[in-house]
Amino acid sequence: MTLASTVACRPVLVPALGWIALHAAALWPHGLWAARRLADGSDDPLGLAALAVLVVWLALAHPALRPVPRLGWLVAAAALTAAATATLFAAPPLPAALLAALALWAHLAAWLPDRAPRAALAGLAMLALPLVASLQFYVGYPLRAFTAQFSAWLLQALGFAAERSGAAMTVGGQLIIVDAPCSGVQLAWMGYFAACAVAAFARVPDAVLLRRVPLVGTIVLAGNVLRNTTLVALEARPQGLAPWAHEAIGLAALAVVSVLVIRVVAPHAQARPFTSGAAA
Amino acid sequence: MPGLDRNQSIRPHAPLGRVIVAIAGSLFAALLIVAWAPAWAQAEQQPREGPYFHIASSEPGIDRLPLKGTQVEVRIVGPIADVRVTQHYRNEGQRPIEATYVFPGSTGAAVHAMTVRLGERVLDAQIREKQRARLDYDAAKKEGKTAALLDQHRPNVFQMNVANILPGDDVAVELRYTELLLPAEGRYRFVYPTVVGPRYHVPGSEGGLSSFPATAHLPEGTPSTTAFDLHLRFASPLPVHDVVSSSHRIEVQAEDSPGAEVALAPADDGQIPANRDFILEYRLAGGATAGGLTLYPGRAGEDGYFLALIEPPRTIETVQINPREYIFVVDISGSMHGFPLDTAKTLLRHLIGGLRASDRFNVMLFAGSNRMLADASVPATHANAERAVAILDKIQAGGSTEIVPALERIAALPKTADLARTVVVITDGYVTVEERVFQLVRGNLGRANVFAFGIGSSVNRHLIEGIARAGQGEPFIVTRPEFAAREAERLRRMIEAPVLTSVRAHFEGLDVYDLEPARLDALPDVLGARPVALFGKWRGEPRGQLVLQGQTAQGDWQQVLPVTTPDPDAQALRLLWARRRIQQLGDEEALIGGNARRDAITALGLRHSLLTQYTSFIAVDQIVRKPQAALDLASVNHPLPLPQGVSNHAVGAAVPSTPEPAAWLALLVTLGLVGAGIAHVRRHR
């Protein structure tokens, strides 16, 4: 009797989702940290949306799960779980939680049929964590400086007297700051969320999605530069810009970015349904 | 080369290989970004200078509001106030902390003692040269000893540092100061400032004249996190009458007696306000002032000290006044936004409205830049006054406080022939360039009288009083619009009818030296009904008299004060003389520039145990309470409330930005588009 078939005996008693739930329960310190981050207001609860999409996907794909998990993925899940636990003692909670999310994903991947969108699910699992505030902290400034510089170039090309200084801009003598809420981190989260969600439900092959990741990033950066440039040009007017107009322009830019991201990812949807690994 | 076939060509990666290379490259780029992110540097940095908004940290275990209360005990004997301030620090967190608290003091305060109570132990602080005290403090902090350091940044701004307050500790730091109270028009005024207003600050070189400590401020409308209480007792030679406070609710006991007592009563919200100066005014019976010539015999082996307070003549007759030119310099920076600017506008209406038609006037408005209402001074006709007031009514405050370029422009204004110029500066004084301003007023505005109006509930009195002193004028403080008319009328009376001019004094029979002011034969004019104060040392036999002479509207005036028996209890004269001497040396230093009077000031501070710009108080507990505590020590800058009426504009003006849309709206849009995208894919599959 092989090891795989030994392990395969167990699922008869406990269904796949039960095992995954047990694994999730075992990773409770990470879940508790994430819940606290959401509850104390230190991060936007965007991760709940990614989690909800993941749960809906699982509910729909549940009948197609393999009756026997793949051993390699289980080993990876165990290793990642150990790493997540060890990281708790040596690093901030976020890296540990990222490893824990990947451990759960690897466990899920063990049950997934062939050609399942594993990469998209990995993306959703990571996006389910409270990431935005940390991303803002670590990569916010480079993104702001990048956005301000490209906006300054664009405005100069359009004939504006625009200069960048750090993450601030002076346009026609008016100081306008590209501060943390302007960095595009939220737009990036939305862009990758849209890519992963569409890829998961449209069963986009992993290699295709991974190849599209840099393109999605480029669309997000370009979208944020255009959004920022429009707002800066309007804000530099003597009368400024009304708050509702800020929101409207931001939402329009987000809609354009989302549509482009979906168009980049979705054409590669698979025509065929899942094939169960056990049946293969 | 082992393992490599020389003939084997390098083949392109398979698709999966390219993906792996792309991921590895992305991870490396991400690592580079994270490693060089400014966030790393930011995490280690705390503001070192200037005002900023306090941010409530969610970091557990650190008590970020360690100053729990300030208790003030005041005893007023004659014209001298003896003040005892006790600051209670308690650490209710789980980590040891170093608390830093920037707090205000009265401009004339001679801070002469500090004591630290740590549980049952009492530590007497020592006066040290400032750098030496800082080194001792840092060493004690590293060794895990509880220590307290008191520094002076301005004559009215101090900083307390208390290191190694362990969890559960209750540290009481008590400091004592003495102050001379001079009455104006027979009314005495005791002021205890409770808050340092946010100063407009351009960071200078470390330790230079322009340096100013970092001050954390609570946002507008947030009350002080520190309990405040004050109790005041009189030990007056005469009964005390008309005890009132324009700033706080008070309860007065035994009023109309020499031993009256004053306690603070809570406001409507049950708290005693700690976001404005406490101002108490009173009179002595019959409108008398505690004056005369007081001698202190001095300590063993040293000469004596004296204080002469000479009441000027009361009779004020309006004399024929030549037409004058008035230049009003009005601060419209961010800190004046709202209530202070409204008060300033009311004051200006009264000031301009009170001018005579033969006078001329102009108004300068300054913030980050400055502008004059007219190219040249205009006659103070009703129409011009109305026009100026109409323009002022439309002004909105905002921006920085570039007072130095504004005064430089005033100094460069051509003078109108045959018109004496009076410059009236109206500001809250929230700047850190006091010395530069004094230098400018002394050096360039010398041909004009300069008067300064402090506007607000807790103005920078050091600047207001210093401008007036340098410009041979008088300081005014207007805390509310309803006081504007009264203060404008005071200014008009002072200019039209100076109380005493050509003032000079001399001693007959008493050997005096080290006088303050230094030259008794050319004393400043007495503009308001305020006593002339002379300080100095004496030696030899206490005999003779002091003669003060001057010119009033009625002609020559003279008053003679006989030398009395030295009072061994008048020790405060020693401190007040030294304080006045240090102020004079500081003024000279500001004129010369650099640290020219550093040695003299340091010597005076050390000899008289006085806090100065070059000497600090330090107390160190000799018990090492927590070895290696410095490794876990959290630095906490205790926040100050914004002064009453001062808006958030004083700390930072709103600069437009380009934020992303609200997260929930963005999520709704994205979810909708994702749903539509999935549906579209499924339809076309």
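In the predicted model, B:V244 stands opposite B:E281, a residue of strand β17(B). The two strands concerned, β14(B) and β17(B), the latter spanning residues 278-284, pair in the antiparallel sense over four bridges. This pairing belongs to an open sheet of three strands in chain B, in which the order is β11-β17-β14 and the pairing is antiparallel. Strands β11 (187-192) and β14 (240-245) of chain B form the edges, each pairing on one side only, and the twist from one strand to the next averages 20°.

The contact between the chains draws on 47 residues from chain A and 32 residues from chain B. On the side of chain A that touches chain B, at least two residues each are supplied by α8 (132-157), β3 (174-177), α9 (185-201), α10 (206-235) and α11 (243-265), and the most are given by α11(A), with nine residues. By residue class, this side of chain A comprises 34 nonpolar, seven polar and six charged residues.

Two of these contributing helices, α9(A) and α10(A), also pack against each other: their axes come within 9 Å and cross at roughly 145°, and α9(A) passes α10(A) in a right-handed crossing. From α9(A), the contact is made by A:L187, A:A188, A:G191, A:Y192, A:A195 and A:A199, whereas α10(A) brings A:L209, A:R212, A:V216, A:I219, A:V220, A:G223 and A:N224. The residues of this contact between α9(A) and α10(A) divide into nine nonpolar, three polar and one charged.

Terms used
Residues are numbered from 1 along each chain as its sequence is written. Chains are lettered from A and ligands numbered from 1 in the order in which they are written. This is a predicted model: local features need pLDDT of at least 70, side-chain atom pairs count only at pLDDT 80 or more; totals for chains, interfaces and linings use all residues. Two strands pair if DSSP finds at least two bridges between them. Axes are lines fitted to C-alpha atoms, for helices over the stretch in contact, and angles run from 0 to 180 degrees between N-to-C directions. Two residues are in contact if their C-beta atoms, placed from the backbone, lie within 7 Å. Ala, Val, Leu, Ile, Met, Phe, Trp, Tyr, Cys and Pro count as nonpolar, Asp, Glu, Lys and Arg as charged, and the others, Gly among them, as polar. A crossing is left-handed if the near helix is turned anticlockwise from the far one by less than a right angle, and right-handed if clockwise.
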